[in-house]
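Dear colleague,

Please find below the structure that I am handing over to you. A summary of the findings follows it.

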Amino acid sequence: MPSATRQVGATRVLIVDDSAVARALIARQIEPHERFRVVGAVSHVEAALAFLSDHSADIILLDVAMPGMDGITALPRLIAAGGGARIIIVSASTPAGGAAAVQALAQGAADTLDKPRPQGLAGFGDALLQKLDALARSGDRAAPVPRPRAPVVREAVPFNGAWPDIIGIGASTGGIHALGELFAPIPATMTVPIVVTQHLPATFISFFAAQMTAMARRPSVMAEDRMRVRAGQIIVAPGDAHVTFVRLTDGGAAIRLKYERARSGCLPSVDPMFASMAELWGERAWGIVLTGMGRDGLEGARMLKAAGATIVAQDRDSAVVWGMPGAVVTDGLADAVMTPEAIGAMIAAGAPR
């Protein structure tokens, strides 16, 4: 029986999976921790919607392949019925599962997690608790957050007086949906190259690049070593390497992939990308930090700022997790703090075609 403390203050979790074994395995990882409470475990979407009509949940763990309505089709209804509940897609790490997970993330799911296997429960349990903790903290809007003086944003005007030669974007939890909102207003004809480091499993990156192509309406490719940075292209960091840059003899730039673990612990990491942009482009670079847990991007943003570049961070209220952009804002590095849609509109208004 849950304790009174758990009943009142715990983060409420709903499990939606057609496998009784999977539901039991997932619940077993959560129940020993009093900061969480499994409030329901149901086998299909209609049961989840019925549950949410009478009960509340803070986080929903959602399977994809289920009889009746699948998790992807159900996602908009569950987001609406959940009344602010964050959804983690728990999918099989297969090509089909990866594609479905990326599609779900683009549609508003907060995060994704490989489905548990009996032989790998320890790793699954640790990853699950990390994601639950991050989303639980992000839901606490009453927690005090240090805020520097709000920067003055000059609408649709580059902050340092010149349009950038390159834009780098870093994101993690909730990032794919935020990227979709950011790219929506940007014309497909914009010529400034954009490089994106999004924390995702390596097996998801090809699906993510395809999703980026659809969202941005222009070519999006996974970075390869020695690939030339071309106008109008979107380059996505692979899931197992950092993107950095080298100057070519003709004045252009090319990708150099790095594989060593970054100080942030992330692979890929936003920090090496930003640091390399600072070295090659300096004040002609923009760094954008979107939603994500942790502090990846902070060190690189400091280097960009020191080089005279422009830094834009996602605002707290629109972020699934305000860890990464929050670190940049509280360090006083952000020239603007905006929603993803506002960032995209600002880029669209001044972007060279």
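The largest pocket of this predicted model holds about 610 Å³ of space. A pocket here is an open set of points on a 1 Å grid over the protein atoms alone, where a 1.4 Å probe fits, with protein on both sides within 12 Å along at least five of seven lines. Points are joined across faces, edges and corners, and the volume is the space filled by probe spheres set on them. The lining comprises 26 residues, and Lys131, Ser172, His199, Leu200 and Pro201 lie nearest the centre of the pocket; a lining residue has an atom within 4 Å of a point. Strand E5 (111–114) and H6 are the elements that give two or more residues to this lining. Helices (H or I, at least four residues) and strands (E, at least two) are DSSP runs, numbered from the N terminus.

As to provenance, residues are numbered from 1 along each chain as its sequence is written, and side-chain values use heavy atoms, with hydrogens and water left out. Because the model is predicted, local features need pLDDT of at least 70 and side-chain atom pairs count only at pLDDT 80 or more, while totals for chains, interfaces and linings use all residues.

Two helices deserve mention. In helix H7 (residues 175–183), 7 of the 9 residues are buried, so the helix is largely enclosed by the rest of the structure; buried means under 20% relative accessible area, exposed over 50%, and partly exposed in between (1.4 Å probe, protein chains only). The buried residues of helix H2 (residues 20–30) include Leu25, Ile26 and Ile30. Those buried residues pack against strands E1 (11–16), E2 (36–42), E3 (59–62) and E4 (86–91), and against helix H6 (121–138).

Aspartate 315 is located in the loop between strand E13 (310–314) and helix H11 (323–330). With 16% relative accessibility, aspartate 315 counts as buried. Its contacts (heavy atoms within 4.5 Å) are Trp322, Val337, Met338 and Thr339, not counting residues up to four places away in sequence. A polar atom of the aspartate 315 side chain lies 3.2 Å from the backbone nitrogen of threonine 339.

Alanine 202, in the loop between strand E7 (194–198) and helix H8 (205–216), is partly exposed, at 45% relative accessible area. Alanine 202 and aspartate 240 are 38 residues apart in sequence, yet their C-alpha atoms are 6.0 Å apart in space.

Yours sincerely

Definitions and conventions: A polar contact is a pair of N or O atoms within 3.5 Å; within protein, one must be able to donate a hydrogen and the other to accept it, and residues adjacent in sequence count only if both atoms are side-chain atoms.
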